[in-house]
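Please read these points with the model open beside you.

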Amino acid sequence: MKTTFSIIKADVGGWPGHALVHPDLKEIARTKLTDAKRNNLILDFNIAHCGDDLELIMTHTNGVDAKEIHSLAWDTFCEATERARDLGLYGAGQDLLCDAFSGNIKGMGPGIAEMEFTERKAEPIVAFLMDKTEPGAFNFPIFKMFADPFNTAGLIIDPSCHDGFIFEVWDIHEHKNVMLKSPEEMYDLLAIIGAKSRFVIKRVFPKPSSKLPKDEPVSAISTEKLYQIAGEYVGKDDPVGIVRAQSGLPALGEVLEAFSLGHLVSGWMRGSHNGPLMPVGLKDAQCTRFDGPPRVVALGFQLKNGHITEPVDLFDDPAFDLTRRKAQDIMDYLRRHGPFEPHRLPMEDMEYTTLPKVMKKLGTRFKKIK
Ligand code: F6R
Ligand code: MG
Ligand code: MG
């Protein structure tokens with residue numbers, strides 16, 4: 001059977017500031033999706049949060065970009081926004097950019113990661129939820145999982161992984177995509193995905209030699225960029241991603257290992273700073289110091305006939321204590337740089353800033369150096 005796994009997320013109000021999702025908003029989402037499940041619109045769901053982002057994790061058989069699923073998510077966010085307004089939550093409705101839903105939630109503010117695939121006999125699947133960062137934050141770990149043999153032993157040892165994978169990369173400035181094979185084109189792949197504010201991994205596919213269907217993704221990432229959609233800064237584009245694991249794919253532990261560095265990502269404080277990505281359990285998925293640091297939650301499910309088990313909160317584990325400790329040291333070190341690069345983003349990446357105004361103000365005072 002073919003199942004669609006969709007994560008649709010939005011920040012519809014922070015509690016307090018941009019720290020966390022209020023429990024009332026999660027409750028509204030739970031009620032709404034319980035109804036949708038009862039009416040057979042979706043097969044199953046889980047409601048979660050990372051920082052101030054409300055995350056709807058849903059399974060169904062409607063395929064990707066399904067109008068009825070997107071409209072369900074949109075209505076859920078609208079109801080949650082009303083409650084956020086009543087409670088006086090911060091930035092209520094900030095990620096809902098348009099007043100009326102027009103059939104597809106893409107480009108309207110919320111982030112979406114979706115994929116449709118044929119379920120295997122047993123289907124382990126992980127939902128990754130990030131806050132205070134951008135879609136390019138997934139480039140490093142997705143590359144590690146599916147292309148780096150120092151991370152994923154299966155690329156060497158498991159004959160069904162040995163041929164590697166195909167990466168679909170989006171140029172989010174030019175709205176173009178390219179398919180790149182690993183390991184054959186690994187250096188070309190790295191040459192572009194290292195520029196993570198522009199080139200983002202959108203999906204990963206099996207190679208033709210794999211037993212898995214070639215046109216069904218094994219991973220998908222949200223690639224919305226709110227500031228590009230809205231033309232000006234209106235909030236963050238905190239991303240989500242889906243990764244399937246085991247049996248010809250990276251093992252669950254190889255998938256999680258890719259987050260053990262606390263790698264540097266962009267989007268911390270005012271969308272304008274670099275910081276380490278700290279893997280945390282749900283109980284620690286609230287952004288505090290300097291609105292951060294950027295965080296990632298991993299919820300692991302087994303999927304069967306479109307139904308998901310209760311999630312396992314995979315980073316809520318002492319095995320990631322050292323990564324967290326290291327991330328805290330890096331955070332402290334970077335903070336000492338204040339407004340200096342590379343803690344602050346380079347000028348061309350500043351999405352929420354007075355810099356253009358400062359430059360304009362100083363305009364005529366800049367004199368040619370003789
Ligand atoms: C929001 C974020 C925060 C805000 C900051 C200023 O996701 O990253 O760091 O940018 O708290 O927020 P405003 O301008 O709403 O006061
Ligand atoms: Mg917010
Ligand atoms: Mg957020």
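1. The lining of the largest pocket takes at least three residues from domain 1 (1-118) and at least three from domain 2 (120-362). The domain bounds come from an automatic or database domain assignment. A pocket here is an open set of points on a 1 Å grid over the protein atoms alone, where a 1.4 Å probe fits and protein lies on both sides within 12 Å along at least five of seven lines; lining residues have an atom within 4 Å of a point.

2. Two notes on the basis: this is a predicted model, in which local features need pLDDT of at least 70 and side-chain atom pairs count only at pLDDT 80 or more, while totals for chains, interfaces and linings use all residues. Residues are numbered from 1 along each chain as its sequence is written, chains are lettered from A and ligands numbered from 1 in the order in which they are written, and side-chain values use heavy atoms, without hydrogens and water.

3. The volume of the largest pocket is about 430 Å³, taken as the space filled by probe spheres set on the grid points, which are joined across faces, edges and corners. Its lining has 22 residues, and those closest to the centre are Lys106, Trp170, Lys202, Thr223 and Glu224. By type, the lining divides into 8 nonpolar, 5 polar and 9 charged residues.

4. Which element gives the most to that lining? β4 does, with 3 residues. At least two residues each come from β4, β6 (165-171), β8 (199-206), β9 (219-221) and α6 (226-230). Helices (H or I, at least four residues) and strands (E, at least two) are DSSP runs, numbered from the N terminus.

5. The magnesium ion (ligand 2) is coordinated by Asp11 (OD), His18 (ND1) and Asp52 (OD), at 1.9 to 2.2 Å. Donors are N, O and S atoms within 2.8 Å of the metal (3.2 Å for Na, K and Ca); water is not among the atoms, so sites may look incomplete. Aspartate 11 is buried at 2% relative accessible area, whereas histidine 18 is partly exposed at 28%. Buried means under 20% relative accessible area, exposed over 50%, and partly exposed in between (1.4 Å probe, protein chains only).

6. Aspartate 52 coordinates both ligand 2 and ligand 3, and the two ions are 4.7 Å apart.

7. Where is aspartate 95? Aspartate 95 sits in the loop between α2 (67-87) and β4 (111-118), and it is buried, because its relative accessibility is 1%. A polar atom of its side chain lies 2.7 Å from the backbone nitrogen of aspartate 11.

8. Aspartate 44 belongs to strand β2 (residues 44-50) and is buried at 8% relative accessible area. Its side chain makes a polar contact of 3.1 Å with that of lysine 37. Such a contact is a pair of N or O atoms within 3.5 Å; within protein, one must be able to donate a hydrogen and the other to accept it, and residues adjacent in sequence count only if both atoms are side-chain atoms.

Terms used
Nonpolar A, V, L, I, M, F, W, Y, C, P; charged D, E, K, R; others polar.
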